[in-house]
Amino acid sequence: MHPPVSPKPEWRVLIDEMVVVATEEYRSIVFKEPRFVECFRLATPELEYGRMNMGSRTSKRKASGGIESLHAIPWIFAWTQTRFHLPVWLGFGAAFKHVKAKDIRNLHMLQQMYDEWPFFRVTMDLVEMVFAKGDPGIANLYDKLLASEDLWLFGERLRTNSLTFYI
């Protein structure tokens with residue numbers, strides 16, 4: 001029941017830098033990768049969720065809209081079904097690799113942030129928990145069974161990207 005710990009200024013600087021890198025990585029794949037939407041639609045049950053009468057609203061904000069018009073629930077459910085959880089981890093690995101490459105002392109600062117800043121620790125623990133629930137092998141099966149063969153390499157690239165979080 002203690003008051004929240006305020007992040008140190010240098011922690012804010014580091015986390016702000018990581019956010020920029022993670023956001024760019026996420027957007028470069030989800031919005032700029034030409035085959036992403038096709039892969040998502042074929043290898044997840046997103047379209048099936050759209051036809052189900054679940055919840056109080058439609059799966060999309062606009063029926064004719066693209067991926068950006070999806071509500072959060074079908075977006076998350078679709079990835080959860082495949083055991084891939086892409087919305088949770090995409091960009092994390094790039095952000096950590098960036099700050100590590102920039103200055104190895106950033107790893108010490110990240111450890112300090114984890115030890116002393118409850119918000120950061122809980123965020124990292126939640127991401128780790130989602131990784132523990134994931135199974136790239138099952139995601140691979142969804143690709144192989146549902147996506148066209150020309151998308152398999154793209155799916156493999158995404159699964160490899162998920163592993164960069166731990167590197």
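**View 1. Asn106 sits in helix H7 of this predicted model.** Helices here are DSSP runs of H or I with at least four residues, strands are runs of E with at least two, and both are numbered from the N terminus. With a relative accessibility of 10%, Asn106 counts as buried, because buried means under 20% relative accessible area, against over 50% for exposed and partly exposed in between (1.4 Å probe, protein chains only). Setting aside neighbours within four places in sequence, Asn106 is in contact with Leu14 and Val99, where contact means heavy atoms within 4.5 Å.

A note on reading these views: residues are numbered from 1 along each chain as its sequence is written, and side-chain values use heavy atoms, with hydrogens and water left out. As this is a predicted model, local features need pLDDT of at least 70 and side-chain atom pairs count only at pLDDT 80 or more, while totals for chains, interfaces and linings use all residues.

**View 2. Helix H6 (residues 92–102) crosses helix H7 (residues 105–116) at roughly 125 degrees, with the axes coming within 6 Å.** That angle makes H6 oblique to H7: under 35 degrees counts as roughly parallel, over 145 as roughly antiparallel, 65 to 115 as roughly perpendicular, and the rest as oblique. Axes are lines fitted to C-alpha atoms, for helices over the stretch in contact, and angles run from 0 to 180 degrees between N-to-C directions. On the H6 side, Phe96, Val99, Lys100 and Lys102 meet Asn106, Leu107 and Leu110 of H7. The residues of this contact divide into four nonpolar, one polar and two charged (nonpolar: Ala, Val, Leu, Ile, Met, Phe, Trp, Tyr, Cys and Pro; charged: Asp, Glu, Lys and Arg; polar: the others, Gly among them).

**View 3. Asp143 lies in helix H9 (residues 136–146).** Asp143 is buried, with a relative accessible area of 6%. Not counting residues up to four places away in sequence, Asp143 touches Ala43, Trp152, Gly155, Glu156 and Arg159.

**View 4. The largest cavity holds about 100 Å³ of space.** A cavity is a set of points, on a 1 Å grid over the protein atoms alone, where a 1.4 Å probe fits but cannot get out; lining residues have an atom within 4 Å of a point. Points are joined across faces, edges and corners, and the volume is the space filled by probe spheres set on them. Among the lining residues are Phe40, Trp79, Asp143 and Arg159. Helix H2 (36–43), H9 and helix H10 (152–163) each supply at least two residues of the lining, which has seven nonpolar, three polar and two charged residues.

How values were computed
On a 1 Å grid over the protein atoms alone, a cavity is a set of points where a 1.4 Å probe fits but cannot get out, and a pocket is an open set with protein on both sides within 12 Å along at least five of seven lines; lining residues have an atom within 4 Å of a point.
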